[in-house]
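Please open the model in your viewer and keep the selection tool at hand.

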Amino acid sequence: MTDILDRTKIYVDGAWIESTGSGRIDVLNPATEELIGTVAEGTVEDVDAAAKAARKAFPAWSALSGGERAEYLSKAAAIIAERTDDLAALVSQDMGMPIGFAKPVQIGMPLANLNAFAELARTYDFDAHEVGNSLIVREPAGVVGAITPWNFPLHQVVLKVGGALAAGCTVVLKPTEVAPLITYALADIFDEIGLPAGVFNLVSGYGPVVGEAIAGHPEVDMVSFTGSTRAGKRVAIVAADTIKKVSLELGGKSANVILDDADLEKAVTDGVAKCFINSGQTCSALTRMLVPAGKVDEAAAIAAAVAAHFPVGDPTQPTSVLGPLVNANQLGRVRGYIEKGVSEGATAVVDGRETGLASGYFVGPTVFANVTEDMTIAREEIFGPVLSIMGYKDEADAVRIANGTEYGLAGGVWSGDPDRADRVARQLRAGQVEVNGGAFNTNAPFGGYKQSGVGREAGTFGLEEFLEIKAIQR
């Protein structure tokens, strides 16, 4: 039996304090369905206290040099590095990613980003240049409200909190209530290193209460949100009442365009992995695989063979590649989409609805072939290990299908001709496109076109999201 973590306090003004409300939120291990922790169900009053603490702390924090702020971030990063194994085990329990992947992905990526933000704080030129008689300076936006999701819980927190702190902002954070425990571990680290009171504040709770209170609070100058497009629209509406800056990283239905001159087996093999990472619970997952119409059956056969190497199981076991979905709601959602794909006439080459596991929220790898543009599984974000293989007539048709979605977060292009691949990549209306399996770059700007969001995260562009531009005429 796992010890149940009591994280029922919120972190405000440099101290763990009781919430003004008595509500509690249970945190379940998605692999076992057992209770592993409890957090506070925060209130509007909690958010008000946190926002006022962040406002009080802002003048002194923003007045520090970038190098001084970097020292705090570097100290936090050093502790994360020391505790990588323990933190990986915690996040694996929290949201279900197998431990062998959780260490490099769920801890390694945010660690790299935190170190990168520390270096940017040291080196970024906040007084960038002069234009005529004007000095152009960049200054911290102020108090940042950060609202983060459950699929990469520490990574998404660091992209917001690390960037904001490096820029000189103070923060009020609402972590996901579904998998919040890793974020509490980060708050412990911030407290341990002596981050000044009020610079970082954490209020757990539900989006319609805590999230909306953050987005609408008059002391919050900017809100940065990652989550569903539907929820992002609501955040933007609430934030509009106080005309605050809004950064949104939302959903995706990303296309992987495999051109007729590509190595089909290599491209499909890589594409399956890019779809199934984190059990498909990735907004940038390449869930639509576009292949020449005459190669759909061949691609499906390859994908089915590759899917056999993605066993589902206990995240603590080294043999497991796919862990559980994060909760029962997500399980029902993904199974429902698979059923919809079957009922609308797609060919279920691999059907992962039944895994044979007695407990946990598991769905196995699923591959659909002969998916058409009008099908639900081709249009809506599923957020599970479900791949849709679609045929196209020619290169222009492939680009049209790839762009024929309300989303524009990510994409992929495969070709035997690098120049051709680059040309097609430039035609995709997406914020990040990988060519011939190009590796993910933690320093590259991440964000979307269209309804995939507004703004960018990570690296220099991610730092600049938290800065305002001022022209001083002299």
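This is a predicted model: local features need pLDDT of at least 70, side-chain atom pairs count only at pLDDT 80 or more; totals for chains, interfaces and linings use all residues.

Residues are numbered from 1 along each chain as its sequence is written, and side-chain values use heavy atoms, with hydrogens and water left out.

**The sheet.** Select the open sheet of 7 strands, whose order is E15-E16-E17-E14-E13-E18-E19 and whose pairing is mixed. Strands here are DSSP runs (E, at least two residues) and helices are runs of H or I of at least four residues, numbered from the N terminus, and two strands pair if DSSP finds at least two bridges between them. Strand E15 (347–350) and strand E19 (432–435) stand at the edges with a single partner strand each, so one side of each has no neighbour in the sheet. Now pick strand E13 (residues 255–258) and strand E18 (residues 410–414), which pair in the parallel sense over 4 bridges; Val-257 has Val-413 of E18 as its bridge partner.

**A helix across the sheet.** Next select helix H10 (residues 296–307), which lies across strand E14 (288–292), E15, strand E16 (366–369) and strand E17 (386–392), and runs at about 165 degrees to E17. Such angles run from 0 to 180 degrees between N-to-C directions, with axes fitted to C-alpha atoms, for helices over the stretch in contact, where contact means heavy atoms within 4.5 Å.

Cys-275 counts as buried at 0% relative accessibility, and Cys-283 counts as buried at 10%; buried means under 20% relative accessible area, with a 1.4 Å probe and protein chains only.

Finally, show the largest pocket, which holds about 1200 Å³ of space. A pocket is an open set of points, on a 1 Å grid over the protein atoms alone, with protein on both sides within 12 Å along at least five of seven lines, and lining residues have an atom within 4 Å of a point. Of the 44 lining residues, Trp-150, Gly-227, Ser-228, Arg-230 and Ala-231 are the closest to the centre of this pocket.

Terms used: Buried means under 20% relative accessible area, exposed over 50%, partly exposed in between (1.4 Å probe, protein chains only). On a 1 Å grid over the protein atoms alone, a cavity is a set of points where a 1.4 Å probe fits but cannot get out, and a pocket is an open set with protein on both sides within 12 Å along at least five of seven lines; lining residues have an atom within 4 Å of a point. Grid points are joined across faces, edges and corners, and a volume is the space filled by probe spheres set on the points.
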